[in-house]
Amino acid sequence: MKRPLILLACAASLALGACTQQGPAPIVQQAVADTGGSKRGDFGPPVGEPIHAVLTSPPHVPPPTNRTQPAKVIVELEVTEVDMEIAEGVTYTFWTFGGTVPGSFIRVRQGDTVEFHLKNHPDSKMPHNIDLHGVTGPGGGAASSFTAPGHASQFTFKALNQGLYVYHCATAPVGMHVANGMYGLILVEPPEGLAPVDHEFYVMQGDFYTVGKYREKGYQAFDMQKAIDENATYVLFNGAETALTGPRALKVKTNETVRMFVGNGGPNLVSSFHVIGEIFDKVQYEGGTRFQENVQTTLIPAGGAVTVEFHTEVPGNYVLVDHSIFRAFNKGALAIMEVEGDQKTAIYSGKQLDSVYIGDKVASLAPVAAAQKSSAKGTLTIEQQIEAGRALFAGTCSVCHQDDGRGLPNVFPPLAKSDYLVSNPQRAVEVVLNGLSGPVTVNGATFNSVMPPMSQLNDDEIANILTYTLNSWGNKGPAVTAEQVAKTRATTKRAEGAAH
């Protein structure tokens, strides 16, 4: 039994001796492609007449440069401070490059000389500048572009490195400028350009910090302490909860190639970017020239970017998320890509994505905004509450109680024609805020399940959802007011750190 071990030991000894006599085996050098970095990115002076860059608003991307020689490219970008919706019925003052969040997409070619013109609108309250991560030079252009309201600045740089780069404002306090939406992407194409695809999209994540809680209606101001504590109220794609949902969803067809330029403006959070139901064929991680294949989720650091490519196979709604999943379903980091085409049951036999899975993100929340505006004017009607509640009910309550309010037999009690619900609307408010566990009798049947507290919802959201349920599916109940919910919330004792 020991003979094979002895032979093996002898063989190992001979091999070691050979290494000792001949020296270690040579290290095989892996071939490294020339990535066209800054040492090789200067292709000489510009050729031909200056070109004015085509800038696009998200989610659109400018066309490829389609050039074989370096050019002088003039980029003109204006900073504006504008009030826009961050969620339905919620407004916020964004500081923007080009009037959008993220800012305008810039596309140039490696070796181009870029003449950058930055204007700051006269109505702006703050000075601004721009730091482009694709610039080789101190501050990325920030020191050369400090611009007061009503003024303009100009500087020039050569795009030496190919890649996908973030740009952002770098005026103090830098974090506040970035948190208010001052970021975007600049693509520096390789000299040979990028391979053609059917669709290119521009998506950028950012975290936002408001004084009010998530979806609290009306105007919301920036909260510096929340930003310092990195306690984001919203985590969003393209600056708004509805930027890429409903009628604004990305639209493609089956058997098409898709390239997404995805950035993360931050200012604080790292993104775990994922498309539910797709696998990235190719990921150029960190915005550079190297790539990985067959990737499920890719990390994008704050102030970083990534290029992802995939091919569409099966029709349906695909959901873009930050897979730090509470950010997707409770802070807004969710977008939709609608793929149209013939079914391919050999690849996937399932049904169209269930709306319950993505909740109210797939529906229009316009009735919610309309109800909020009427509430502010003191003209809110029960009909408006019902329509707002209908929109909010999807995903929030329909998961258990079903779209038709019938619940699930022996599991979740019905809301339709519910004696438990209609007989005591105030009790319904308490149940939604505080949850309910243990046996409960509804319409003569006993249910023993658990309803978690839904106290993360705002007062007006709870009021509208309950008004909808109290006046639907055969129920004849009163309207519930936000003031009624607020009073109940204020009298509820909660453990420190609990939702409220």
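Strand E13 and strand E21 (residues 334-340) pair in the parallel sense over four bridges, where strands are DSSP runs of at least two residues, numbered from the N terminus, and two strands pair if DSSP finds at least two bridges between them. Within E21, glutamate 338 is the bridge partner of lysine 251. Both strands belong to an open sheet of five strands with mixed pairing, in the order E13-E21-E20-E15-E18. Its edge strands, each pairing on one side only, are E13 (250-253) and E18 (297-300).

This is a predicted model, in which local features need pLDDT of at least 70 and side-chain atom pairs count only at pLDDT 80 or more, whereas totals for chains, interfaces and linings use all residues. Residues are numbered from 1 along each chain as its sequence is written, and side-chain values use heavy atoms, with hydrogens and water left out.

Leaving aside residues up to four places away in sequence, methionine 337 touches, among others, Leu250, Val252, Met260 and Leu320, contact meaning heavy atoms within 4.5 Å.

Elsewhere, histidine 168 lies in strand E8 (residues 163-168). Histidine 168 counts as buried because its relative accessible area is 14%, the cut-off being under 20% with a 1.4 Å probe and protein chains only. Its neighbours beyond four places in sequence include Phe97, Asp131, His133 and Tyr183.

Methods. Buried < 20%, exposed > 50% of the residue type's maximum accessible area, 1.4 Å probe, protein only.
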